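Please look over the sequence and the 3D model below before turning to the briefing. The notes that follow are grouped by topic.

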Amino acid sequence: VGETASFAVAATGDALQYQWRKNGNAIPGANGSTYTTPPATLDDNGSLFSVVVSNPGGSVTSRNAALGVTQ
């Protein structure tokens, strides 16, 4: 609780765009190859984070990463 978590993705290609998601919902402003959460609360425990990487040729969504939060 109160700490941040960082996620990163490695992708290759031209004109890549990133959109991070929490529990399937886009996180506003989370558009880079890395994402750091705000300080976590117990409500964040078990939240699933993923990223959609896209370019003009299409898009791919990463597998989910589950966030564990303890006191």
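## Briefing on the chain

In this predicted model, Phe7, Trp20, Tyr35 and Phe49 are linked into a cluster by ring pairs, where rings of Phe, Tyr and Trp (its six-membered ring) pair if their centres lie within 6.5 Å. Residues are numbered from 1 along each chain as its sequence is written, and side-chain values use heavy atoms, with hydrogens and water left out. Because the model is predicted, local features need pLDDT of at least 70 and side-chain atom pairs count only at pLDDT 80 or more, whereas totals for chains, interfaces and linings use all residues.

**Overall make-up**

- The secondary structure comes to zero helices and seven strands, with helices (H or I, at least four residues) and strands (E, at least two) taken as DSSP runs numbered from the N terminus.
- Read from the N terminus on, the elements run β-β-β-β-β-β-β, and the C-alpha atoms fill a box of roughly 45 × 20 × 15 Å, taken along the principal axes.
- Of the 71 residues in the chain, 27% are buried, where buried means under 20% relative accessible area, exposed over 50% and partly exposed in between (1.4 Å probe, protein chains only).
- The chain exposes about 4600 Å², and carbon and sulfur atoms supply 48% of that area; accessible areas come from the Shrake-Rupley method with a 1.4 Å probe, and for residues only the protein chains shown count as cover.
- Among contacts in the chain with a separation of 6 or more, residues 24 or more positions apart account for 56%, contact meaning heavy atoms within 4.5 Å.

**Aromatic rings**

- By the ring rule, the count comes to four aromatic pairs.
- The rings of phenylalanine 7 and tryptophan 20 have their centres 6.3 Å apart and their planes at 40°, so this pair is tilted; planes under 30 degrees apart count as stacked, over 60 as edge-to-face and the rest as tilted.
- Because phenylalanine 7 lies in strand E1 and tryptophan 20 in strand E2, the pair ties together parts that are 13 residues apart in sequence, and both phenylalanine 7 and tryptophan 20 are buried.

**Two strand residues**

- Serine 50, which lies in strand E5 (residues 48–55), is buried with a relative accessible area of 5%.
- Valine 60 belongs to strand E6 (residues 58–61) and counts as exposed at 53% relative accessibility.
- With neighbours within four places in sequence again left aside, valine 60 is in contact with Val51, Val52 and Val53, while the C-alpha atoms of valine 60 and tyrosine 18, 42 residues apart along the chain, are separated by 10.0 Å.

- Most residues other than glycine have a negative phi.
- Alanine 15, which is not a glycine, has a positive phi of about 55°; alanine 15 lies in the loop between strand E1 (6–8) and strand E2 (17–22) and is exposed, with a relative accessible area of 55%.
- Asparagine 23, also not a glycine, has a positive phi of about 50°; asparagine 23 lies in the loop between E2 and strand E3 (25–26) and is partly exposed, with a relative accessible area of 44%.
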